[in-house]
Amino acid sequence: MSQIIISVTAGLIIAAVSGMAGVLRERLKQATRTAVEHETQDRRRSELTNEGVRELLLCKLESLRHTMVLNGGIADDDLKARAQRLYDIYHQMGGNGHGTELNRDIQRAPIAPRPVSHNE
């Protein structure tokens, strides 16, 4: 009789351990899937942020060049320095082409001091 109890108890323990292992394996799989999904979402958000910032930098370079064009093709030192800083970041973020041309136009422009306002 005690052999039967030992065999049944051992079988129940083995079944319980196997069942818990199966549950833990499934939870681990789900946790791994969730972690991968979060990582993918975070990567995509980062890519979108990078693209958005790069686009805003390009828009600002266009605006600076437009300001220079309105000044008769003359850029002051401040405008040139700002444009270069913006372009450097833009380029490091993977931007090129049009932004390069915008910055080149600004950097090649004749330098003139910013007009002093007499209202100050």
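**Exercise 1.** At what angle do H1 and helix H3 (residues 98–108) pack, and how far apart are their axes?

*Solution.* The model is predicted: local features need pLDDT of at least 70, side-chain atom pairs count only at pLDDT 80 or more, and totals for chains, interfaces and linings use all residues. Residues are numbered from 1 along each chain as its sequence is written, and side-chain values use heavy atoms, without hydrogens and water.

Step 1. Helices are DSSP runs of H or I with at least four residues, numbered from the N terminus. Axes are lines fitted to C-alpha atoms over the stretch in contact, and angles run from 0 to 180 degrees between N-to-C directions. H1 and H3 pack at about 30°, with axes 9 Å apart.

Step 2. H1 and H3 are therefore roughly parallel to each other (angles under 35 degrees count as roughly parallel, over 145 as roughly antiparallel, 65 to 115 as roughly perpendicular and the rest as oblique).

Step 3. Contact means heavy atoms within 4.5 Å. H1 contributes Leu58, Leu61, Glu62, Leu64, Arg65 and Met68, and H3 contributes His98, Gly99, Leu102, Asp105 and Ile106.

**Exercise 2.** Determine how H1 is oriented relative to H2.

*Solution.* Step 1. The axes of helix H1 (residues 2–70) and helix H2 (residues 77–92) come within 10 Å and cross at roughly 155°.

Step 2. That crossing makes H1 roughly antiparallel to H2.

Step 3. Among the residues making the contact are Leu57, Leu61 and Met68 of H1, and Leu79, Leu86 and Tyr90 of H2.

Methods: Helices (H or I, at least four residues) and strands (E, at least two) are DSSP runs, numbered from the N terminus.
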